[in-house]
Amino acid sequence: MEKADVGRKILSANETYALKNKQLLARHGKRCFNMISSPGSGKTSLLVRTITDIGGSLRIGVIEGDLQTDLDAERIRATHAPAIQINTDGACHLSASQVNRALDQLPVESLDMVIIENVGNLVCPSAFELGEDGKIVVLSVAEGDDKPVKYPGIFAKSKVLLVNKIDLLKGALVDFDLDRVRTDARRLNHSIEIFPVSAKTGEGMQAWYDWLKNQVHPQ
Amino acid sequence: MHEAAVAQSLIEVILQEVEQRHAKPVGATISCGELNKVNDESLSFAFEAVARDTPCEGMTLRIEHKPLQARCKPCGRVFAVDVSNPQCPDCRSEDFELLPDAPLVLDEIEFEGPDDGEG
């Protein structure tokens with residue numbers, strides 16, 4: 001038996017594409033965020049409301065990842081923002097090479113920012129770098145306040161946590177302890193920005209818009 | 001279940017190494033950090049499936065899990081983080097800086113030696 005030391009990153013092929021994406025975006029001076037959550041947390045609704053409310057002051061292009069259909073890209077295009085749909089045909093995450101092809105189809109020069117809406121999944125997408133400046137994790141209150149403890153990886157790696165559907169907290173329609181989520185998410189990630197929002201009513205959204213704008217035009 | 005994608009990438013990396021050595025690979029050791037961890041059973045299952053009809057068929061896979069580490073800000077100790085209750089084991093402080101989590105790495109491949117196949 002002969003042993004050979006290798007010491008190679010297993011996901012290096014993905015990382016090569018992630019670096020290409022990063023370099024392409026940096027060359028154009030664009031920011032890019034990778035949005036990750038469970039299915040049904042309201043990622044697309046958040047993006048539709050964000051793009052509609054912010055209007056022309058921040059030009060956002062979207063890359064949508066889903067197993068099937070281009071329903072989400074259609075919803076984004078209805079706001080007149082450019083959107084490219086990727087269908088993963090069963091794969092649980094977007095890969096950097098898929099994003100690379102989507103970036104080729106987006107009018108990147110005329111945008112300020114690209115937001116990638118990953119496949120709905122709190123686990124797998126967090127392992128695949130796409131070339132983003134940061135990850136944004138979305139947690140809706142109906143999913144429960146134990147998610148940062150159960151899925152520490154994505155909460156530890158994200159720059160921003162959007163706690164969505166906070167309109168459901170009124171009238172105690174769901175049991176959800178926002179303070180617990182804040183404490184648990186910050187245990188492993190002291191600097192994570194947390195915005196409680198409702199894409200439905202607009203509550204709390206302004207602070208999120210200010211954060212986004214600050215990424216492109218730092219105050 | 002991104003273990004299937006990890007298994008596919010792993011085999012591609014192993015095959016590149018095999019091509020340079022012209023020897024049969026019989027085992028591999030990989031490692032991963034706490035925030036990049038893979039499930040041993042799922043990865044082994046996926047690896048076995050992807051390895052079929054390749055030079056990697058029949059290889060055994062060992063997976064080492066490396067703890068997430070942090071440096072305590074008040075006392076400076078570097079410690080392995082218990083993600084369910086992260087605090088410094090010495091001073092009990094929860095004020096720490098996370099150190100980079102270990103990536104998914106193929107550390108070692110075992111090849112059949114020139115004499116292994118005989119006798």
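## Tour of the chain A and chain B interface

Select E17(B) and R8(A) to begin: their side chains form a salt bridge, with N to O at 3.0 Å. A salt bridge here is a side-chain nitrogen of Lys or Arg within 4 Å of a carboxyl oxygen of Asp or Glu. Between chain A and chain B the count is 3 salt bridges.

This is a predicted model, in which local features need pLDDT of at least 70, side-chain atom pairs count only at pLDDT 80 or more, and totals for chains, interfaces and linings use all residues. Residues are numbered from 1 along each chain as its sequence is written, chains are lettered from A and ligands numbered from 1 in the order in which they are written, and side-chain values use heavy atoms, leaving out hydrogens and water.

Next, select the whole contact (heavy atoms within 4.5 Å). Chain A gives 23 residues and chain B gives 34 residues. About 2700 Å² is buried between the two chains, 62% of it on carbon and sulfur atoms; this is the accessible area (1.4 Å probe) that two parts lose on being put together, summed over both.

Now select β1(A), a strand (a DSSP run of E, at least two residues). Strand β1(A) pairs with β6 (residues 105-111) of chain B in the antiparallel sense, over 6 bridges; pairing requires that DSSP finds at least two bridges between two strands. Within this pairing, select D5(A), which stands opposite E108(B) in β6(B).

Conventions:
Helix = DSSP H or I, 4+ residues; strand = E, 2+ residues; numbered from the N terminus.
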